[in-house]
Amino acid sequence: MDLRAFAELAQRERLCLGCTGRLAARLGYGLGNHERGQALLATRAMLAEAEDEAGEAPYFHGGTPAPTSNECGLCEGLCGEVAQLARLVLDAVEGVELETFQVGTLVDKEILVREKELQMASGGHGEPLKSQLNREIGSRVAGVSGLAPERDSPDAVIVVDTRYDTVDLQLRSLFIEGRYTKADRTIPQTRWPCRECRGRGCERCDGSGQMYPESVQSLVAGPLLEAAGASEDKFHGMGREDIDATMLGEGRPFVLELRQPKVRSLDLAALEKVINAAAAGRITANGFVWVERPRVAELKETVCDKTYRVDISCDPPVEIERLKKGAQRLAGKVVEQRTPTRVSHRRADLVRPRRVESMKLLSADGASAELEIRAQHGTYIRELVSGDGGRTSPSLAKLVGAECRVEVLDVLHLHLEET
Ligand SMILES: [Zn+2]
Ligand SMILES: [Zn+2]
């Protein structure tokens, strides 16, 4: 398409200079759209004058101005609103700690349809209106705030809805990896919404919305949420233990995600101390480091052997030698575990083979005993001891010929060093 045709299209559609320049974006390398539009119309007018076509192109002759953006037949004023839209963005990020950002825009659908038609009519080499707005708003925001535009993984994505002059600020989550230990046998790993009210708060939960007032998650996340001014957190543990089991040794790895953080520069070492002081030994958290989102999936996929310590009861009492033999016979064995009844409502009913690496009798007095068990990931320890009515086979109970039950369970160690 030649200059004359562009100019005629601009005149016919009553385009502002920004829209004119944008449709001709492949001409005039290095010019902004507004300048390009101006240059295009001026050039066209000068050509007309030189060729004495004045009568043919009155619109450009004699300096008749192009329509302002408010009168523009395409953008309905958007080309002239960049400063105002940038102000909306600047207001939205006020008081938020950021280094990098990216601007996006939502534009009325009718405008986009009309733009497409004009792009087709002019050869399809123009720049889309949205990309002009993103670029111009972005560079104005960068100029005023000193923030750096970034495409790949910005701290904030700010979407300006030009239809309503509203802004949606999406802050990139923070991810902190650490390990926790748990000595308290009354708190679950994660927040657990109340079954009655599903988190709204009722009599049963004392208005807390939770089955348990506290969790490892709430104790760890509380100080971090507050320091980051985040809206919510997600706790991604590398597996979990039962509420009444402790988690000892070096602890269990987890990643905590903080959503919509207004502060990104947290003093992790200081926050660890705050968390541990407040938890007063019920849990500990340590080894905090910054990680990125993909670490969550990696953690979820990591499996390893675990070593447990259990107190069991035996009914009727079992001789020590018999218990010792039973434990020895399970060591190095693969047992078949059908999904236990206690979890069958949330897990598929399958038979899983699991290897018991070792089982040592630490002490025993007939009616009770203490064992240390190392087993493959995913082994149901309670069922390995009790047999779960024959669903786990072989089991300690079957081998010693008595009813055996786990009374107390501690996770001593996750064998991560071997994975
Ligand atoms: Zn326009
Ligand atoms: Zn409730």
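Which residue stands opposite A369 in β12? I looked, and A364 does.

**Ground rules.** I am reading a predicted model, where local features need pLDDT of at least 70, side-chain atom pairs count only at pLDDT 80 or more, and totals for chains, interfaces and linings use all residues. Residues are numbered from 1 along each chain as its sequence is written, chains are lettered from A and ligands numbered from 1 in the order written, and side-chain values use heavy atoms, with hydrogens and water left out.

**Strand β12.** I found β12 at residues 368-375. Strands are DSSP runs of E, at least two residues, numbered from the N terminus; helices are runs of H or I, at least four. Its side chains alternate. A369, L371, I373 and A375 point to one face and are buried (under 20% relative accessible area, 1.4 Å probe, protein chains only).

I checked pairing, which takes at least two DSSP bridges between two strands. Strand β11 (residues 351-364) runs antiparallel to β12, with seven bridges. The two form a hairpin with three residues between them. In that turn, G366 has a positive phi of about 95°. Strand β9 (residues 306-315) also pairs with β12 in the antiparallel sense, over eight bridges. There, K306 has A375 as its bridge partner.

**Zinc site.** I then turned to the zinc ion (ligand 1). The SG atoms of C16, C19, C72 and C75 coordinate the zinc ion at 2.3 to 2.4 Å. Donors are N, O and S atoms within 2.8 Å of the metal (3.2 Å for Na, K and Ca); water is not among the atoms, so sites may look incomplete. C16 and C72 lie 56 residues apart. C16 is buried at 3% relative accessible area, and C72 is buried at 6%.

Technical notes: Buried < 20%, exposed > 50% of the residue type's maximum accessible area, 1.4 Å probe, protein only.
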